[in-house]
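Reader: I am new to this structure and would like to go through it step by step. Could you show it to me before I ask about its parts?

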Amino acid sequence: MTTYEQQVHCRAADIDIDFWRTPEGVAIPDDELRFLLVPDTVEAMMVGEVAEQIKAFQQSANEPITRALMVTMGGLLPGILLHDHLVHMPSAPHIAFGSIGVSLYTGPDQRRPKPQVVQESSLEVRDEVVILVDDLGDRGDTLRFLSEHITERGARRVMSLALFMKPRAKTVCPANFYFGELTQDTWIITPREYVETMAKRIPVWKQRGATQAECQRRLVDLIGYPPHLVDTYLETLFEQG
């Protein structure tokens with residue numbers, strides 16, 4: 001049976017991509033959340049599969065996607081990887097890539113009352129078929145808010161893509177394209193937020209009684225962080241926490 005510990009540390013050739021369709025995050029002592037660290041090679045494979053979904057849609061749709069908006073910050077890395085799959089195929093309908101900034105979370109499981117647009121769409125969306133690109137559908141609030149926001153700006157149709165979906169998001173605003181599913185209490189750590197998650201969670205663990213050595217054990221031995229990354233940032237983050 002494939003386990004999280006095996007997959008988070010394995011070589012690229014040994015990745016079991018089916019494991020990552022419904023992975024379980026790891027439990028941490030005295031923490032209500034479970035944590036799932038996604039290696040960069042795994043994220044690239046996920047995006048490759050979702051790109052195939054988009055290609056199939058583009059070939060069969062009467063109105064193909066013409067605009068892709070990467071939702072900052074979560075949608076930037078999958079969006080850039082997706083761009084590489086979709087824009088260099090001369091026979092496929094052209095998709096212009098841009099971004100839109102929204103803020104909802106101030107930390108793991110710490111939310112603002114409602115999403116806020118902090119950077120308007122970098123592309124004109126009126127009369128376009130738009131796809132929003134994000135890394136996670138958590139409760140669905142962000143995708144629903146942005147779908148309504150882009151619709152109000154005249155988009156002909158708004159679709160969405162997320163690498164992972166959680167149960168609440170699937171109910172509130174299901175993504176048209178996604179790779180896998182997570183439990184509601186799992187905090188996903190994608191390659192673009194390794195340090196960010198450390199900075200936001202180490203103070204919580206420290207406040208709840210964890211020593212610096214225990215924080216290192218949780219990050220490296222349990223969650224699967226690269227040791228060199230923890231060695232670089234842990235001492236400073238623990239002292240400041």
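Reader: Which residue lies over the face of Phe238?

Author: This is a predicted model, in which local features need pLDDT of at least 70 and side-chain atom pairs count only at pLDDT 80 or more, while totals for chains, interfaces and linings use all residues. Residues are numbered from 1 along each chain as its sequence is written, and side-chain values use heavy atoms, with hydrogens and water left out. A charge sits over a ring if NZ of Lys or CZ of Arg is within 6 Å of the ring centre and within 35 degrees of the ring normal. Over the face of Phe238, at 4.7 Å from the ring centre, lies Lys206.

Reader: What is the angle between the planes of Tyr4 and Trp20?

Author: Rings of Phe, Tyr and Trp (its six-membered ring) pair if their centres lie within 6.5 Å, and planes under 30 degrees apart count as stacked, over 60 as edge-to-face and the rest as tilted. By this rule the count comes to 6 aromatic pairs. In one of them, Tyr4 and Trp20 are 6.4 Å apart from centre to centre and are edge-to-face, with an angle between the planes of 65 degrees.

Reader: Are Tyr4 and Trp20 buried or exposed?

Author: Burial is judged by relative accessible area, where buried means under 20%, exposed over 50% and partly exposed in between (1.4 Å probe, protein chains only). Together with Phe19, these two residues form one aromatic cluster. By the cut-off given, both Tyr4 and Trp20 are buried.

Reader: Why is strand β3 largely enclosed by the rest of the structure?

Author: Helices (H or I, at least four residues) and strands (E, at least two) are DSSP runs, numbered from the N terminus, and β3 covers residues 67-72. Arg67, Leu69 and Val71 point one way from β3, whereas Ala68, Met70 and Thr72 point the other way.

Reader: Which residue of β6 is the bridge partner of Met70?

Author: Two strands pair if DSSP finds at least two bridges between them. β3 and strand β6 (residues 129-137) pair in the parallel sense over 4 bridges. Within β6, the bridge partner of Met70 is Val133.

Reader: Is Thr190 buried or exposed?

Author: Thr190 is placed in the loop between β9 and α6. Not counting residues up to four places away in sequence, Thr190 touches Val38, Glu43 and Asp135, where contact means heavy atoms within 4.5 Å. At 2% relative accessibility, Thr190 counts as buried.

Reader: How far apart are the C-alpha atoms of Leu81 and Val47?

Author: Leu81 has its place in helix α3 (residues 76-86), and at 28% relative accessibility it counts as partly exposed. Leu81 and Val47 are 34 residues apart along the chain, yet the separation of their C-alpha atoms is 6.7 Å.
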